Amino acid sequence: MYVESSPEFKYIYNDDRYFYLTFDGGPAESTEAILDTLAELGVKATFFVSGGKTEGSDEIIKRIYDEGHTVGIYGDTLPANRLYESVETYLEDFNREFEYVYGITGEKPQVFRFRGGTVNKYNIHIRKQLTAEMLRRGFVYYDWNAVCGDNAAGADAAGIAETAMTTAQEKQRIFLLMHDTASNTETADAIREIVEHYEDKSYLFRAVTNEVRPVTFD
């Protein structure tokens with residue numbers, strides 16, 4: 001075990017293998033099915049939320065928090081092309097969601113995911129300035145290094161699980177991109193197969209916190 005010496009990071013390393021289930025875009029009705037499955041399996045996960053847009057969001061976010069999962073920020077209501085018009089536009093959107101989540105949980109969110117990932121076609125003109133500003137404010141952002149295809153048309157649980165395993169392989173640290181929007185009705189069933197597969201390979205399932213060394217596209 002060792003701690004990285006860079007002044008930018010103070011993360012602890014060891015030889016364990018970790019799996020981070022991360023969900024974007026919720027909460028929605030599918031979130032509750034996902035939470036039921038996670039509770040059954042005894043697994044914690046991370047939800048990057050866009051709450052406040054649908055009925056019942058408050059209650060679902062409170063449940064996510066109360067059940068020991070991490071609530072991170074994904075964004076409020078702006079589409080990506082408007083969200084990344086300027087650093088100020090992004091910060092206004094982020095702050096609305098930050099205050100919304102803080103008001104529900106009583107805990108200030110510390111982790112977030114850029115919509116579309118750190119590197120996307122909308123933010124190229126502000127990317128360096130924006131990432132620097134978010135780090136200056138004390139937030140930690142996380143991308144992903146595996147996908148499951150649960151947003152593809154006609155995706156079923158078996159196909160979602162297979163895609164997840166194909167892209168995750170056996171990396172030491174797996175950050176799997178999943179979704180919990182209204183259309184992701186098969187995601188909850190796929191989780192069971194994914195968890196069983198990787199627990200058999202001695203992976204530890206954890207929620208992201210700001211003490212977890214991030215994986216980022218840049």
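Me: At what angle do the axes of α4 and helix α5 (residues 127-136) cross, and within what distance do they come?

Reply: They cross at roughly 40° and come within 10 Å. Axes here are lines fitted to C-alpha atoms, for helices over the stretch in contact, and angles run from 0 to 180 degrees between N-to-C directions.

Me: What makes α4 oblique to α5?

Reply: Angles under 35 degrees count as roughly parallel, over 145 as roughly antiparallel, 65 to 115 as roughly perpendicular, and the rest as oblique. The crossing is at roughly 40°, and α4 is therefore oblique to α5. The model is a predicted one, in which local features need pLDDT of at least 70 and side-chain atom pairs count only at pLDDT 80 or more, while totals for chains, interfaces and linings use all residues. Residues are numbered from 1 along each chain as its sequence is written, and side-chain values use heavy atoms, with hydrogens and water left out.

Me: Is the crossing of α4 and α5 left-handed or right-handed?

Reply: The crossing of these two helices is right-handed.

Me: Which residues make the contact between α4 and α5?

Reply: Val-87, Tyr-90, Leu-91 and Phe-94 take part from α4, and Gln-129, Leu-130, Glu-133 and Met-134 from α5. Contact means heavy atoms within 4.5 Å. By class, six of these residues are nonpolar, one is polar and one is charged. Ala, Val, Leu, Ile, Met, Phe, Trp, Tyr, Cys and Pro count as nonpolar, Asp, Glu, Lys and Arg as charged, and the others, Gly among them, as polar.

Me: Why are α1 and α7 called roughly parallel to each other?

Reply: Helix α1 (residues 29-41) and helix α7 (residues 187-199) pack at about 25°, with their axes 8 Å apart. On the scale of angles already given, α1 and α7 are therefore roughly parallel. Their crossing is right-handed. On the side of α1 the contact involves Ala-33, Ile-34, Thr-37, Leu-38, Glu-40 and Leu-41, and on the side of α7 it involves Thr-187, Ala-188, Ile-191, Arg-192 and Val-195. This contact has seven nonpolar, two polar and two charged residues.

Me: How many aromatic pairs are there?

Reply: Rings of Phe, Tyr and Trp (its six-membered ring) pair if their centres lie within 6.5 Å; planes under 30 degrees apart count as stacked, over 60 as edge-to-face and the rest as tilted. The count by this rule comes to 21 aromatic pairs.

Me: Why is the pair of Phe-94 and Phe-98 called stacked?

Reply: The ring centres of Phe-94 and Phe-98 are 6.4 Å apart and their planes stand at 25°, so the pair is stacked. Phe-94 and Phe-98 are four residues apart in helix α4 (residues 87-105), and therefore about one helical turn separates them. Both Phe-94 and Phe-98 are buried. Buried means under 20% relative accessible area, exposed over 50%, and partly exposed in between (1.4 Å probe, protein chains only).

Me: What makes the pair of Tyr-198 and Tyr-203 edge-to-face?

Reply: The planes of Tyr-198 and Tyr-203 are at 90° and the ring centres 5.1 Å apart, so the pair is edge-to-face. Tyr-198 has a relative accessible area of 0% and is therefore buried. Tyr-203, at 4%, counts as buried.

Me: How do you know whether Met-165 is buried or exposed?

Reply: Its relative accessibility is 18%, so Met-165 counts as buried. Met-165 is found in helix α6. Leaving aside neighbours within four places in sequence, Met-165 is in contact with Glu-193, His-197 and Tyr-198. Met-165 and His-197 are 32 residues apart in sequence, and their C-alpha atoms are 8.5 Å apart in space.

Me: Why is Glu-199 called partly exposed?

Reply: The relative accessible area of Glu-199 is 40%, so this residue is partly exposed. Glu-199 lies in helix α7. Residues up to four places away in sequence not counted, Glu-199 touches Val-43 and Phe-205.

Me: Why does Gln-169 count as exposed?

Reply: Its relative accessibility is 53%, so Gln-169 counts as exposed. Gln-169 is in the loop between α6 (157-168) and β9 (173-179). Although not a glycine, Gln-169 has a positive phi of about 50°.

Me: What makes Ser-202 exposed?

Reply: Ser-202 has a relative accessibility of 56% and therefore counts as exposed. Ser-202 lies in the loop between α7 and β10 (203-205). The phi of Ser-202 is near 70°, a positive value in a residue other than glycine.

Methods
Left-handed = near helix turned anticlockwise from the far one by under 90°.
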